[in-house]
Every structure is written in structure tokens, then in C-alpha cells.
2 protein chains.
Amino acid sequence: MGKKISMAVIRRLPKYHRYLKELLDKDRKRISSKELSSIIGFTASQIRQDLNNFGGFGQQGYGYNVEELYAEIGKILGLNMDYNTVIIGAGNLGQAIANYSGFEKSGFNIKGLFDINPRLIGLKIRDLEIRDIENLEKFVLENDIEIGVICTPKEKAQEIADVLIRSNIKGIWNFAPVDLTIEDEDIVIENVHLTESLFTLSYLLNEKNK
Amino acid sequence: MGKKISMAVIRRLPKYHRYLKELLDKDRKRISSKELSSIIGFTASQIRQDLNNFGGFGQQGYGYNVEELYAEIGKILGLNMDYNTVIIGAGNLGQAIANYSGFEKSGFNIKGLFDINPRLIGLKIRDLEIRDIENLEKFVLENDIEIGVICTPKEKAQEIADVLIRSNIKGIWNFAPVDLTIEDEDIVIENVHLTESLFTLSYLLNEKNK
């Protein structure tokens with residue numbers, strides 16, 4: 001592709017993907033950018049611009065073929081591939097992610113679940129045994145793990161990230177409320193900072209009630 | 001205040017708050033926008049601009065008083081107040097949020113936890129009994145609940161949102177992978193779409209490996 005796509009566009013792609021899936025589930029064959037706009041809440045011109053970044057897909061007077069566009073955006077998002085994934089931290093959040101079947105359906109195969117707590121090690125979540133975090137490095141190396149999901153307390157997160165980096169991880173999905181230091185620019189980090197989202201809510205609540 | 005602050009600025013405020021807390025924990029008294037910039041990763045001019053939206057706080061040649069700025073940003077975020085909160089959906093994710101002590105420390109007091117599953121109703125998470133979702137509307141009305149956290153499957157989320165709206169909720173923190181329809185513009189919604197975050201990660205992973 002070559003061209004650098006802005007993060008704002010990239011972050012809108014999963015939303016397109018989700019809405020197109022809903023249309024597909026309702027057996028919709030095609031949709032105009034205008035109608036897509038009314039459903040998804042971006043302007044029609046925004047939608048056309050976004051999709052033009054990847055070659056367009058729409059046809060004048062026809063609109064978009066729903067199935068085709070869904071598949072294309074899936075491919076752009078890398079959802080036509082599988083990702084070997086481990087979760088580190090098997091508390092409630094780690095278990096919530098391990099239990100969410102939607103992730104496996106999208107190709108994120110959870111191969112291992114790790115914790116430091118001896119009371120958790122050996123327990124099973126779905127068919128997955130919780131393993132001792134001591135074995136994380138070896139496991140990641142030996143099982144071609146590409147994504148590590150960090151669900152530990154913030155005090156442990158950097159240490160875990162360092163282990164993952166040493167074992168050639170490609171991407172980290174970080175739920176710990178801390179910004180990880182990753183020297184290697186080839187490793188992708190995506191943060192979910194729940195507290196920041198909650199504080200945004202409280203800001204907006206107070207603004208409304210002023 | 002009157003002036004409308006952009007969402008981009010608002011979403012950076014919790015990050016300032018988090019980094020200032022870390023500085024405060026290390027007993028830092030003051031910091032220049034330049035040093036703050038090197039820690040937080042925004043440019044010094046971005047930081048000055050952001051904070052100028054709220055009246056500045058910095059002093060030429062001195063920088064920012066860490067404690068003061070932390071307190072001020074906390075106030076702007078509404079963290080000097082308490083919020084009565086309920087969680088709907090007591091699965092792993094709902095329990096993870098109920099168990100996270102950081103939210104209570106910030107003033108989000110979890111008053112009730114609700115589920116539809118008879119096997120969960122009556123169980124206790126910390127000191128909180130899981131209640132029957134049938135009682136949600138009455139509970140929210142009678143206990144001055146301001147924030148509802150939706151941790152249900154997506155099929156149930158709109159129905160729960162409708163109940164919350166009927167019971168005069170002020171804000172909804174939505175974890176269900178669906179965009180809720182809320183007619184009342186005074187109600188604030190903040191979404192956490194985990195799948196969108198994960199798909200952004202897979203996009204970036206593939207872009208790196210091209």
C-alpha cells in the first residue's frame with residue numbers, strides 16, 4: 001500500500017466492520033454511502049474519503065456491496081489471519097478476555113493464560129490451564145505467540161512487557177494503567193486505559209450539569 | 001467556564017492526571033512544561049495550550065506546581081465529587097470493574113451489581129450482593145444513582161440503557177460492543193469498544209509486517 005494512513009482513519013475501520021457485519025446479518029446486499037452515513041454517524045463524504053484510502057470499493061450509482069466491503073475491511077484490519085495470543089494476568093479482566101468468544105472468532109487464538117498467583121495456577125478457564133508466569137518466556141518463544149495481552153496490575157506490567165519483548169512478541173494489548181516503555185519500534189502497542197475513559201465520562205457529566 | 005473544550009483536549013486530561021499523580025508520589029514539587037513533555041510525550045507547546053483552556057496554572061520561569069496542577073485537573077475532571085454507580089452484568093468483566101479499587105478511590109462508589117442469571121443473583125463480590133436485574137429501575141431511582149456501567153452482552157445492552165434512562169441516569173459507561181441509541185441529549189455516554197481496540201492492533205501489526 002505504501003501510503004501512510006492516519007490513526008483517525010484506522011480507528012474508524014473497526015466501526016465500519018462492525019456495522020457492515022450487522023447489515024450482512026440482516027441480508028443487506030448493497031448500501032449507499034448516504035445510508036451508511038445515517039447508520040454509522042459519519043458524514044457520507046467522510047466515509048467515501050476513508051474508504052478511498054484503500055482504493056474506494058464503491059461504484060457510482062450503486063453504492064457499496066455489503067459483503068465485499070465487509071470482507072475487504074476485514075482484510076485491511078488483518079482479520080483474515082490468525083494470531084497466536086497469550087493473556088498475562090488471569091484475574092477477572094484476564095478471564096473476561098479469555099472467555100469472550102468473539103476474539104477467537106476474529107482469529108485471535110488464545111494459546112496460553114498466565115498468572116503469578118499459586119492459587120490460580122493449574123485452574124482451567126474454558127479449556128485453558130492457567131500457567132505459571134515463570135514459563136511465559138519459553139512458551140511465547142516455542143509457540144510462535146504474536147500477541148500478548150497484559151492484564152496485570154500496573155506494578156508488574158513493564159516487567160511482563162520486557163519478557164514479551166525478549167521472546168519476540170509482535171504486539172502488546174495493554175490493559176494496565178501505565179504507559180509501557182518499548183524501545184523496539186517494530187513492536188506494536190495498543191493501550192486500553194479504562195480509568196481515562198471513566199474520567200472522560202465524569203468530565204462530560206460535570207460539564208452537562210454546570 | 002462557558003468555552004467549549006474539544007474532545008481531543010478532554011481525552012488528554014486523564015493522562016496529565018495520571019502522570020502528575022506519579023510525580024506527586026515521588027514527592028516532586030514542581031515541573032516545567034518541557035520536562036512534563038519529555039515524560040508524557042506531548043510537546044511542551046501542546047501542554048501549555050491544553051492547560052490554557054482552563055486558565056493556565058503555570059508560572060513563567062517556575063513551571064507548574066505539581067500538587068496544585070494535579071488537584072486542579074482532578075477538579076476539572078470532576079474527581080472531587082462522588083458518583084453513585086451501578087454495574088449491570090456481573091460476569092467476568094462486571095466483576096473486574098467491581099473489584100477494581102481504583103474506581104472507588106476516585107469517587108465512583110459502586111452501590112449495586114445486577115445480573116439476569118439466577119445462579120449469580122445473591123452471590124457477593126466484595127461486600128456487594130449481586131441483585132436481580134428486575135429491581136434495577138427501582139434501585140437506580142431510590143439510590144440517586146448517577147452512572148450505570150453496562151457489561152452485558154450486546155443483545156441486552158439497549159434494553160438496559162432504556163431502563164437506566166427511564167430511571168434518570170446521568171451517564172452510561174458502555175462496554176457492550178454496540179452503539180446505544182439515547183434520545184436524551186443530557187445523558188452522557190462513554191463507550192469502551194474492546195474489539196475496536198483489538199482490531200486496531202491487528203491492523204498495525206500487519207502494516208508493520210508488510
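Two strands pair if DSSP finds at least two bridges between them. In chain A, A:K124 stands opposite A:E129 of strand β6(A). Helices (H or I, at least four residues) and strands (E, at least two) are DSSP runs, numbered from the N terminus. This is a predicted model, in which local features need pLDDT of at least 70 and side-chain atom pairs count only at pLDDT 80 or more, while totals for chains, interfaces and linings use all residues. Residues are numbered from 1 along each chain as its sequence is written, and chains are lettered from A and ligands numbered from 1 in the order in which they are written.

**How the two chains are related**

- Two copies of a chain are related by a rotation about an axis and a shift along it.
- Here a rotation of 180° with 0.0 Å of shift along its axis superposes chain A on chain B, with an RMSD of 0.0 Å (by least squares on the C-alpha atoms of residues with pLDDT of at least 70 in both copies).
- This is the relation of a two-fold axis.
- In chain A, the C-alpha nearest the axis belongs to A:N92, 2.6 Å from it.

**Helices of chain B**

- The 19 residues of helix α1 (residues 7-25) of chain B should span 27 Å at 1.5 Å a residue, and its end C-alpha atoms are 28 Å apart, which agrees. The expected span of a helix is 1.5 Å times one less than its number of residues.
- The buried residues of α1(B) are B:L13, B:P14, B:Y16, B:H17, B:R18, B:L20 and B:L23. A residue is buried if 20 or more other C-beta atoms lie within 10 Å of its own, exposed if 12 or fewer, and partly exposed in between, with C-beta atoms placed from the backbone.
- These buried residues pack against α9 of chain A, and also against β1 (30-31), α2 (33-40) and α4 (66-76) of chain B.
- B:K34 is found in helix α2 of chain B and is exposed, because 12 other C-beta atoms lie within 10 Å.

**Strands and the sheet**

- In chain A, β5 (residues 124-125) and β6 pair in the antiparallel sense over two bridges.
- β5(A) and β6(A) form a hairpin with two residues between them, and A:R126 in the turn has a positive phi of about 50°.
- Strands β4 (residues 108-115) and β6 (residues 128-132) of chain A pair in the parallel sense over three bridges, and A:F114 has A:R131 as its bridge partner in β6(A).
- In chain B, an open sheet of seven strands has the order β5-β6-β4-β3-β7-β8-β9, with mixed pairing.
- Its edge strands are β5 (124-125) and β9 (188-191) of chain B, each pairing on one side only.

Terms used. Contact = placed C-beta atoms within 7 Å.
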